[in-house]
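Please find below my note on the model under review. The remarks are set out as numbered points.

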Amino acid sequence: MRRQADEVAERIRLLSRFILVYGKVVNGLEVARDQAARNLTSPAIEASNKQTRDGLVASIDRLAAGIGELTDSFKSDPDLQIQYLRIAAARDAVTEAAGLADRQRYDAAGASLVTAVGHLTDTILSMKLN
């Protein structure tokens with residue numbers, strides 16, 4: 001199970017790095033949303049902000065797809081069924097985060113990403129690595 005644990009650890013690293021960037025991007029999007037609500041932005045700035053938000057959601061979708069690939073590989077191994085369920089929960093949490101971010105519910109999306117890291121960590125902890 002060492003190889004599978006390494007794959008899960010890599011997903012944890014990717015997701016953790018993304019969460020760091022996510023916070024910075026979301027901060028800018030929230031400021032932009034507040035400025036737009038007060039009519040302090042131009043159509044060009046609003047279009048740029050929408051492009052940033054769409055890119056953020058697409059990035060989260062790519063993270064979910066990567067975890068989905070891992071989920072598929074675990075599902076086919078009868079010795080990894082408990083881990084499969086945990087990774088599937090992580091994938092679902094990241095997918096949920098994408099939907100929340102798309103609806104501009106950034107705090108909830110961030111919490112869902114952190115939940116996914118927890119599921120992935122639990123996956124490694126449940127492996128018998130000798």
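The points that follow treat the overall fold, the helix pairs, selected side chains and the loops.

1. Basis of the note. This is a predicted model, in which local features require pLDDT of at least 70 and side-chain atom pairs count only at pLDDT 80 or more, while totals for chains, interfaces and linings use all residues. Residues are numbered from 1 along each chain as its sequence is written, and side-chain values use heavy atoms, with hydrogens and water left out.

2. Overall architecture. The chain contains 4 helices and 0 strands, and its elements run α-α-α-α from the N terminus on. Helices (H or I, at least four residues) and strands (E, at least two) are taken as DSSP runs, numbered from the N terminus. Along the principal axes, the C-alpha atoms fill a box of roughly 60 × 20 × 20 Å. Of the 130 residues, 36% count as buried; buried denotes under 20% relative accessible area, exposed over 50%, and partly exposed in between (1.4 Å probe, protein chains only).

3. Helix 1 and helix 2. The axes of helix 1 and helix 2 (residues 43–75) come within 10 Å and cross at roughly 165°, which means that helix 1 is roughly antiparallel to helix 2. Axes are lines fitted to C-alpha atoms, for helices over the stretch in contact, with angles from 0 to 180 degrees between N-to-C directions. Angles under 35 degrees count as roughly parallel, over 145 as roughly antiparallel, 65 to 115 as roughly perpendicular and the rest as oblique. The contact of helix 1 with helix 2 has 16 nonpolar, 6 polar and 5 charged residues. Here Ala, Val, Leu, Ile, Met, Phe, Trp, Tyr, Cys and Pro count as nonpolar, Asp, Glu, Lys and Arg as charged, and the others, Gly among them, as polar.

4. The aromatic pair. The structure holds 1 aromatic pair. Phe18 and Tyr22 form this pair, which is tilted, with 6.1 Å centre to centre and 40° between the planes. Rings of Phe, Tyr and Trp (its six-membered ring) pair if their centres lie within 6.5 Å; planes under 30 degrees apart count as stacked, over 60 as edge-to-face and the rest as tilted. Because Phe18 and Tyr22 are 4 residues apart in helix 1 (residues 2–37), about one helical turn separates them. Both Phe18 and Tyr22 are buried.

5. Helix 3 and helix 4. The axes of helix 3 and helix 4 cross at roughly 170° and come within 8 Å; the two helices are therefore roughly antiparallel to each other. Ser112 lies in helix 4 and is buried, with a relative accessible area of 6%. The side chain of Ser112 makes a polar contact of 3.4 Å with the side chain of Glu96. A polar contact is a pair of N or O atoms within 3.5 Å; within protein, one must be able to donate a hydrogen and the other to accept it, and residues adjacent in sequence count only if both atoms are side-chain atoms.

6. Loop residues with positive phi. Most residues other than glycine have a negative phi. Asn39, in the loop between helix 1 and helix 2, has a positive phi near 55° and is exposed, at 69% relative accessible area. Gln104, in the loop between helix 3 (81–102) and helix 4 (106–125), has a positive phi near 65° and counts as partly exposed at 26% relative accessibility.

7. The loop between helix 2 and helix 3. Asp79 lies in this loop and counts as exposed at 59% relative accessibility. The C-alpha atoms of Asp79 and Met1 are separated by 9.2 Å, although the residues are 78 apart along the chain.
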